[in-house]
Amino acid sequence: IDYANTFDYTYRTHSHYASAAWSLNTTKNLGFTAMVSVDVDKLTDHETIPDAYQYSKCYVSILPSLGFQFKKYVFNYTTETILPSLEQIRYQMDDRNPLMLRIGNPDLKQSMVHTLQFNYSTFTKKRNTFLVGLRAGYVSNSIVAKSRYFGSDETINIGYDYVVNSGSTLFTYENADGAFNTEGYTSWSARLNKIKSSIMINVGSSYKRSPMYVGEQY
């Protein structure tokens, strides 16, 4: 076995959650819902070759959700979490190409996605359905790529002293705020009774912004 280029590891994910929801409907035109979920996720990286190595990290997330409906208007606020992948937290140097080094970041936080959505829909007596919607999302602690160029030989500590040669670039991952996306959409549909069919037209547009590290800045 070529131990220097052979890896035998197992990646385990243990997930646990608990949630509670409450809803209130005063009239048929007014409603309110609220929910909160607590998620606990444990990631374990267990390696046997080339070295005996085990690393575990636990992520705890509190995820609230709110909903409000007034007549034909619906507002929703939801949250979710995105965990880093094995490659993103694995703190082991990949130096198969000594000028293009790669290593994970075990200090990565999970990303939090906050989504706000608005919908308005109406149904006419002529069996026309019209819907207008707007969705906006913001991501905190986005996991983005990060690179660092070494203009001279330098020793860095990755659990042990590792010498990075001059001219090498080290690629890793970091958390950054500022990612968001927006989407607007509208839909119209109608039944054509004379020929027993229906027609639908959808129109929408979206915009997305994702941060990225350049050197030490993003």
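Author: Let us begin with N175, whose place is in strand 11 (residues 169-176); strands here are DSSP runs of E with at least two residues, numbered from the N terminus. Please keep in mind that this is a predicted model, in which local features need pLDDT of at least 70 and side-chain atom pairs count only at pLDDT 80 or more, while totals for chains, interfaces and linings use all residues. Residues are numbered from 1 along each chain as its sequence is written, and side-chain values use heavy atoms, with hydrogens and water left out.

Reader: Is N175 buried or exposed?

Author: A residue is called buried under 20% relative accessible area, exposed over 50%, and partly exposed in between, using a 1.4 Å probe and protein chains only. N175 has a relative accessible area of 15%, so N175 is buried.

Reader: Which polar atoms does the side chain of N175 reach?

Author: A polar contact is a pair of N or O atoms within 3.5 Å; within protein, one must be able to donate a hydrogen and the other to accept it, and residues adjacent in sequence count only if both atoms are side-chain atoms. In this model the side chain of N175 reaches the backbone nitrogen of K109 at 2.8 Å, and a polar atom of that side chain lies 3.0 Å from the backbone oxygen of N141. If contact is taken as heavy atoms within 4.5 Å, and neighbours within four places in sequence are left aside, N175 touches residues including D107, L108, S142, I143 and Y213.

Reader: Where does N141 lie, and what is its phi?

Author: N141 lies in the loop between strand 7 (128-140) and strand 8, and N141 has a positive phi of about 60° although it is not a glycine. With a relative accessible area of 21%, N141 is partly exposed. K71, in the loop between strand 3 and strand 4, also has a positive phi, near 55°, and is a residue other than glycine; K71 is partly exposed, at 48% relative accessible area.

Reader: How many bridges join strand 1 to strand 2?

Author: Strand 1 (residues 8-27) and strand 2 (residues 30-49) run antiparallel and are joined by 19 bridges; they form a hairpin with two residues between them, and A20 has V36 in strand 2 as its bridge partner. Strand 2 also pairs with strand 3 (residues 53-70), antiparallel over 18 bridges, where L30 is partnered by F70. Strand 3 in turn pairs with strand 4 (residues 73-82) in the antiparallel sense over five bridges, and F75 in strand 4 is the bridge partner of F68.

Methods. Helix = DSSP H or I, 4+ residues; strand = E, 2+ residues; numbered from the N terminus. Pairing = 2+ DSSP bridges.
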